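User: Hey, please zoom in on a single chain here and tell me how it is put together. I'd like one connected walk-through, with the cut-offs spelled out as you go.

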Amino acid sequence: MADSMNLDSGHHEHHAPSGWTRWLTTTNHKDIGSMYLIFSLIMFFIGGAMAMIIRLELFQPGLQFVDPQFYNSMVTMHALIMIFGVVMPAWTGFANWLIPMMIGAPDMALPRLNNWSFWILPFAFSLLLLTLFIPGGAPAGGWTMYPPLVLQTGAAFPFLIFAVHFLGASSIGGAINVLATVFNMRAPGMTLLKLPLFVWTWIITGFLLIASLPVLAGAVTMLLTDKYFGTSFFSAAGGGDPVMFQHIFWFFGHPEVYILILPAFGVVSAIIPTFARKPLFGYQSMVYAVAAIAFLSFIVWAHHMFTVGMPLAGELFFMYTTILIAVPTGVKVFNWVATMWKGAMTFETPMLFALGFVILFTIGGFSGLMLGVTPVDFQYHDTYFVVAHFHYVLVTGAIYSLIAATYFWLPKWTGHMYNETLGKWHFWLSTISVNVLFFPQHFLGLAGMPRRIPDYSVQFAEFNMISSIGGWVYGLSQLLFVYIIIKCVRGGKKASDRVWDGAHGLEWTLASPAPYHSFDTPPDPSTIEGGVR
Amino acid sequence: MAGRKILNRQGINKTAIRLVVTAVIMFGFGFSLVPLYDVLCEVTGLNGKTGVISRQEAKSPGELHEDRLVKVQFVTNVAVGLPWRFKALEKELFVRPGKLTFTNFQATNLSQSSVAGSAVPSVAPSIASRYFNKTDCFCFVVQSLDPNQTKIMPVAFVVDSKIPDNVDVVTLSYTFFKTEEKI
C-alpha cells in the first residue's frame, strides 16, 4: 500500500482525501485502479514464488525439496493465483484507470460497487492463501477442480470453493461497472465505433465475464453440495457423472481464457499504432474479430477434454470450431503487422513488449492449433506440451501485454518517465529467459512428460534443467520491473501531456500526471472528431 | 464523483440491472446443464447409459439376424470403500442380435458386517449403448450382502437387431459403489 500512497503524491493539490482510510473508502476510479494494479503485482510475486518452487523441484529428476502433495498444491495455487489474482484484477485495474479517461467520463458508473469489487479480492485471497497453513494443506487437485479428486481435498475444500465464489462476484461486479460506464457515460460525439480498441475488447470481455463466471459459481456450488450435503451431481454412485463437471467447467473455462487475453489485444492495438506512427490497420475488422472470437469461445469447450470418450461427431464439431478461431485471431495478427508496414517505427519498451507479444503469442496460438486437432491431442493431452502452450499465451501473451501497458501508461499516471535503459534490460532479460523457460517444455511434452507430476523419467533431465534455469532468470528479472515502477513513481524525467509523439486518445489530452478528477466537463467533441483511436 | 450533472443515472441503473439479471440467469443455466446433459447422454448414447425394456418387448424382436453374432464382454469393478469381490461368471458371450440372453455375476462380501452396494452400468462403445437393452438386472436395485455372503446375480439383455454392422464387440462394465442408505 505504501507504493500506492506514493503513486498519488502528485495529485494532492487536487483535493484528494488523505489518510489511510482513504484507500478503504475511495470511490475514485484512479485510486481503485491503482489498488487493483498493486494488488495484482503483489499476487504476481506470490504466484511467481510458487512457480520458482515448482521449477526447483523439477530441476533434477527424483524428489529433492518438497513432497508430492505440497508440489501439487503449489501447482494448483500457482494457477489459481495467476489467473484470478493477477491477470483478471490487473485488467480490471487498467479498465478502471483508463476507460473513463478514454471515453471522456468523469468516473466509473457505479463507484461504490467498484470499491466493493476491489475489496472483496484481498479477503478472497486471504481465504485461499490461509489454506497453506491448515491441516491437510492447500488444495492440490489442480485449478480445474475435477471431481472426484478435488472432493478428497481436506479442510481446505470449503476455503477453495468460497474463495472462487468471492473472486467470481468481484469480477462480475467489475464487469457490470465497465459495461454500465461504457454504455451510459461516453462523452458527446464518442460513438461506439470511435471507441479505442482497449475499450472495445473490454466490452466483450465484460459480456464474457457475466455469461461465464456464474456458470463456474454453479459448478463449484455443486461440488460443495456433493461433498457436504449428499447430492451426487458428479458422483457415479448416486447416478451423477464426473465427466459432466468437465463439461460445465470448460463451458466457463474456455470463455475464461479469452477474458484473460482479449484486453491484451486492445492494449497491443493501442501501442503498435503509437510507435509505428500510423493509424491502426482495419479498426472495424478488429472489433468484429474480437466479437467473433468471443462467440466461438462458447462452442469450443470440449477441446479441453477430447480424451473423455466423446462420439466422433462431437470430436469433429469441437475440432472444427476450435480451428475456426484461428481465422479471427489471424485477422488481428495480420492487422498488427499491416499497421507496422512502412511505419516510422521506434522501439521504446512498451513497443518492445508489444512486439514480443505479437510474435510469442502467435507461437502459443500455433501450438494451440496443434492441440485443437483431435487425433494428435490424444498424444499431447496432459503433457508438458499443453503447459508450454498455455504459458506462451498467458505469460508472453497476457503478462507481456500487461507489462507493455504498464510502461505505456505509467508516465501518464505518475507524471514521470520510467528509466528507458532499465526498461530495455527488463525486456531482453525477460524475453530470452522466458523462451529458455518454456520452449523446451514443448519438446518435453512431445516426448511424453506428463504435467502435474513432481518427478520424471531421467531422459527428461536436460530440458528440465534448462527450463528451470530460464524460470529463475525470468522470475528474478521481474524484480527489475518493480524497481523501475517504484523509481518512476518517486521521480524521474517529467513526462509531457502527450508522452509519446504518436499517441492518440483522450487520455493523452489530460495533464501528466492525470488529475485526480478528470473530464468533469466533457471533452470538446472536435478532439474526438479528429480521431482518438 | 462531484462531477458532471448530466450523468445518465437512469440509463446506468437500467444497464446494471439487466446485467445482474443476466448473471443470475447464467447461474441458473449452469444448473440447467445437469438435466440437459442427461437428455443429451440418452439421445447420443454418450456415457454408455443402457436402456431398459420389458420382457414383452424383448420377446417380440424385429428381424433376427441368423448369421450375425456380436461379442459381448463383461468388465467388473469395485469402487474404493466397498469390501466386496465382484466378478462375471462368463467373461464374454457371443450373442445373436434380437435374442434375449442371460448371464450371471457373482459378488462376495469380504467384511464382517453387512454392506449395501449399487452397481452402475456402462456400455462401450457409446454408439452401442443405444442398442443395448436389459429386461432384468441386479443393478436396478440396491444389493445388500451379509458378512461373508456370496450372491449370484443375473442379468438379462437384448442387443437390438438394428445395431450398426460395424459394431462387433460390445463391452458392458459394472462398477459397484457402496450405498449408505438401505433401500
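Analyst: Let's start with contacts: a contact means heavy atoms within 4.5 Å. In chain A, residues 24 or more positions apart make up 82% of the contacts with a separation of 6 or more. Keep in mind that this is a predicted model, where local features need pLDDT of at least 70, side-chain atom pairs count only at pLDDT 80 or more, and totals for chains, interfaces and linings use all residues. As for bookkeeping, residues are numbered from 1 along each chain as its sequence is written, chains are lettered from A and ligands numbered from 1 in the order in which they are written, and side-chain values use heavy atoms, with hydrogens and water left out.

On secondary structure, chain A has 17 helices and 0 strands; these are DSSP runs numbered from the N terminus, H or I of at least four residues for helices and E of at least two for strands. Its C-alpha atoms fill a box of roughly 65 × 50 × 45 Å along the principal axes. The radius of gyration, taken over C-alpha atoms, can be held against a globule rule of 2.2 Å times the number of residues to the power 0.38. For 533 residues a compact globule would come out near 24 Å, and chain A has 23 Å, which agrees.

Next, burial: buried means under 20% relative accessible area, exposed over 50%, and partly exposed in between (1.4 Å probe, protein chains only).

Now a few individual residues. A:Ser171 sits in helix α6 (residues 156–184), and with a relative accessible area of 12% it is buried. Leaving aside residues up to four places away in sequence, A:Ser171 touches A:Met88, A:Leu209 and A:Leu213. A:Cys488 also counts as buried, at 1% relative accessibility.

A:Asp501 is another story: its relative accessible area is 62%, so it is exposed. A:Asp501 lies in the loop between α16 (461–490) and α17 (525–529). From A:Asp501 to A:Phe275 is 226 residues in sequence, but 8.3 Å in space, C-alpha to C-alpha.
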